[in-house]
Amino acid sequence: MGLDPGLRRLALGTLLAAYPGPVPPDWAVDLLADGLAGHTLFGTNVHDPAQVTASTAALRTGRPDALIAIDEEGGDVTRLAHATGSPYPGNAALGAIGDVALTRRVYQSIGAELAALGITVNLAPTVDVNTADDNPVIGTRSFGADPVRVAAHSAAAVAGLQAAGVAACAKHFPGHGATVTDSHHELPTVDAPLSLLRQRDLPPFAAIVAAGARAVMTAHIRVPALTGADPATFSRAVLVDLLRTEYGFTGTVITDALEMKGAAVAAGGVGPAAVRALGAGADLLCIGAKVDAELVERVAAEIVDALADGRLARARVEEAAGRAADLAAWTRATNGSPATGYPELGYAAARRAVRVDGLLSGLDQPLVVQLHTESTIAEGRVPWGLGPHLDGVPEIRVIAAETDAATLRGLADDRPIVLVGRHLHRLPGGPELIADLAAAHPVTVVEMGWPAQWRPAGVRAFVTTYGASHANGRAAAEVLGLAG
C-alpha cells in the first residue's frame, strides 16, 4: 500500500531537496508539483547565468512558489562563481574592514544577483564567532572573533540580502565558531558553560533576529550545556526554548544538510534524522547535495511512518510545513523586479581588507609559489591564489610537506620568492618550509586563510587577505605590484 497522499504532501512540504546536473530532471519538477518545498542549488547545477535562470524557471513550472536556495556567502564559499572564485570578499575580509554599511552593500549586491537568477533563499550569512584558529570549517567564513563586531556585520548582511528580495538564512545556530572538527565528517563538541555561550557565541544570533532574518540554520554540533549528547539540530532546548522562546524568532528554522555525518550518524540515517529534527522544532529539512527521487521519497515515508507510530505529532509537522510555506510566500512577494549586482564593489572591498606587515620592496619578477591546501566540503574545489592575476610572473604549485627549501631556492635563483597559502600555521610542512626558505632567501608570505596569530620569523613581509576569493587574489596581486 502506498503512502496516504495527504500525509505524503505534508511531509514533502518540509523538505529542501537537490538534484544533479545543470538541467532539472523530471522527478525534481514533479516532486515540486506534489508538494516538495524546494531545492538547493550546488556548483554542479551552475554553468552560467542564462542556464541557472532557465533552471529556476523550469522548477517553477512544478510549483510557482518553490523555494530555491543556494550557499552564496562570497569569499571562499560560492556556487555561482565556483569555476573562477567569487568577485566578492568573504566575511573575514568585511569584518577586518569594519564598515557595516559596506557589508550591507556587498550582501545587497549578492542578493540582487541571486534574485535576477530566480533564487529566493541564500543560506548565508555565516554568523559564527570564529574563536578557534584551527577551526577547519568556519575560519574566513566568519566576520571575526569579536562577538560585538560579528553581531553588527551579521545584522547588516541580513538587511542587505533581504533588501534585494532574497531571504537570509543565518548560520549555524547556536554557534560553530569554537569547534576544531568539521560536522561534515563527525559530530563536533563545544563544551562551554551557558554563560560563556551567551557572551561569546549567541550575540550574533540575537542581532539577526532583531534584524528580521527570515530563516536560521541549525548546527550539527553537540553543546552539552544545552543539548546533552545530541546535536543542536535535534535539541528542542536549542530550537524552541532558546531560539524561539528566549530570542523571539518567528521565521523558518532550516537544518544544515542531514546527510552530514554530524546528523546522519547520530540519528542512524537521513530519514531518522529528519524525524528527530522535526520533533525538535526544525521546519525545513535540507537533505543534502547527493539527492535523488528515491531518497526524497524515503525521507517523506519516514516522516509519514513517524506520524503513524507517534514519534511525530501531526500538529508539529503542519506547523513546520506552514513555516516553510510562509517563507515561500515572503520570497514570492518580495522577489519582483530585481536590481543589479555590482561585482566591482567586491573588488574594491577586497583591496581595503589587505594588511601588510613588513616591507614590500624588491619584488621585481619574483617566483610565486602556491602551497596546496585541501578544500573543505563547504568550499568545494574553487580556484584560488594569485595565478589568474599575475602579469608575466612565473608561478609554481607545490605540496609543502613534499618540497624542500633548497629546490625552491634553486628555481628562484637570485629572484625573491612569494609564498602563497591558506591557513599556513596548520598546513603540514608549511611553517618548516617557510622557516628554511627565509633563513637564506628573501621571502614574502601571502596568507589567504584565517589570520591566526602565528607569524613566521625572518620573512620580509607578511600579507593577509582574509580570504581566497577571486577578489582577494586580485587585491593581493595589486598590493604586491604583480597584477596585470
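**Close-up views of a predicted model**

**View 1. Val317 sits in helix α14, which covers residues 314-334.** Helices here are DSSP runs of H or I with at least four residues, strands are runs of E with at least two, and both are numbered from the N terminus. This is a predicted model, in which local features need pLDDT of at least 70, side-chain atom pairs count only at pLDDT 80 or more, and totals for chains, interfaces and linings use all residues. Residues are numbered from 1 along each chain as its sequence is written, and side-chain values use heavy atoms, with hydrogens and water left out. Is Val317 buried or exposed? Val317 is buried, with a relative accessible area of 0% (buried means under 20%, exposed over 50%, partly exposed in between, with a 1.4 Å probe and protein chains only).

**View 2. Here are the contacts of Val317.** Beyond its neighbours within four places in sequence, Val317 touches Leu10, Thr14, Leu278, Ile303, Leu307 and Leu312 (contact means heavy atoms within 4.5 Å). Leu10 is 307 residues away from Val317 along the chain, yet their C-alpha atoms are separated by 7.3 Å.

**View 3. The protein chain is assigned domain 1 (5-334) and domain 2 (354-480).** These bounds come from an automatic or database domain assignment. The domain centres, taken over C-alpha atoms, are 34 Å apart. Where the domains meet, 34 residues of domain 1 are in contact with 24 residues of domain 2.

**View 4. The largest pocket lies between the two domains, because both domain 1 (5-334) and domain 2 (354-480) give residues to its lining.** A pocket is an open set of points on a 1 Å grid over the protein atoms alone, where a 1.4 Å probe fits, with protein on both sides within 12 Å along at least five of seven lines; lining residues have an atom within 4 Å of a point. The volume of the largest pocket is about 910 Å³, counted as the space filled by probe spheres set on the points, which are joined across faces, edges and corners. Which residues lie nearest its centre? Of the 40 lining residues, these are Phe42, Arg79, Glu259, Ala289 and Ile377.

**View 5. The second largest pocket has a volume of about 450 Å³.** Among the 25 residues that line this pocket, Thr373, Glu374, Thr376, His423 and Arg426 are the closest to its centre. Domain 1 (5-334) and domain 2 (354-480) each supply at least three residues to the lining of the second largest pocket.
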